[in-house]
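Some labels in a structure description rest on a cut-off. The questions below ask how a few of them were reached.

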Amino acid sequence: NYDTFLHNEVRAWMISKYHASSKPNHFGVMGLSMGGFGAVLQGIKHPQDYAAAASLSGVMDITRHTENWKLYKALGPYDTHAKVWEQNNPLHLTQKKRAASTPPLLLICGQEDFTFQENLDLVAKMESLNFSIEFKAEEGAHTHLFWKTHVDAAIAFISSHFPEF
């Protein structure tokens with residue numbers, strides 16, 4: 001269960017191992033590809049626990065990928081478990097969450113990336129519901145070079161939402 005692992009175990013480990021603050025507004029979450037999906041999902045599902053979230057080339061609508069990455073093993077077949085998929089899908093969850101309670105989000109995606117359209121769709125949906133979301137459409141594809149080029153911008157975005165000490 002990645003949600004529990006990230007939300008509970010990794011957080012506790014970071015606090016213990018690195019003497020990190022336990023204050024939620026001192027935490028950000030970021031990832032690339034499916035990790036970007038996970039970062040945005042964490043921000044939406046646990047908004048009280050993050051100052052901001054960022055995604056690089058994130059999969060933002062898993063219902064477009066029902067046969068990919070063996071997601072059906074974790075969520076069940078889409079045709080019989082659509083509700084489970086939607087409860088774990090950023091595009092669907094935004095319709096059920098309050099914009100004011102969700103931390104600021106940053107999506108960075110390459111214009112040649114296979115996830116580009118679903119990133120655009122999520123941004124449009126979130127903007128229409130007044131979520132705090134920033135989108136950067138950049139040149140590039142779903143590659144390590146793209147992520148390496150843009151990771152600093154994602155880190156800067158998240159850290160800009162931490163309180164001053």
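Q: Where is serine 57 found?
A: In this predicted model, serine 57 sits in the loop between β2 (52–56) and α3 (71–75).

Q: Why is serine 57 called buried?
A: Its relative accessible area is 0%. Buried means under 20%, so serine 57 is buried.

Q: What makes the phi of serine 57 worth a remark?
A: Phi of serine 57 is near 55 degrees, a positive value in a residue other than glycine. Most residues other than glycine have a negative phi.

Q: Why does tryptophan 69 count as partly exposed?
A: Tryptophan 69, in the loop between β2 and α3, has 44% relative accessibility. Buried requires under 20% and exposed over 50%; the value for tryptophan 69 lies in between, so the residue is partly exposed. Its phi is also positive, near 55 degrees.

Q: Why does serine 33 count as buried?
A: Serine 33, in the loop between β1 (28–32) and α2 (34–45), has 15% relative accessibility. The cut-off is under 20%, so serine 33 is buried.

Q: What makes the pairing of serine 33 and histidine 142 a polar contact?
A: The side chains of serine 33 and histidine 142 are joined at 2.8 Å. A polar contact needs a pair of N or O atoms within 3.5 Å, one able to donate a hydrogen and the other to accept it, so this pair qualifies.

Q: Which residues is serine 33 in contact with, leaving aside neighbours within four places in sequence?
A: Serine 33 is in contact with Leu56, Ser57, Gly58, Val59, His142 and Trp147.

Methods: Residues are numbered from 1 along each chain as its sequence is written. This is a predicted model: local features need pLDDT of at least 70, side-chain atom pairs count only at pLDDT 80 or more; totals for chains, interfaces and linings use all residues. Side-chain values use heavy atoms; hydrogens and water are left out. Helices (H or I, at least four residues) and strands (E, at least two) are DSSP runs, numbered from the N terminus. Buried means under 20% relative accessible area, exposed over 50%, partly exposed in between (1.4 Å probe, protein chains only). Contact means heavy atoms within 4.5 Å.
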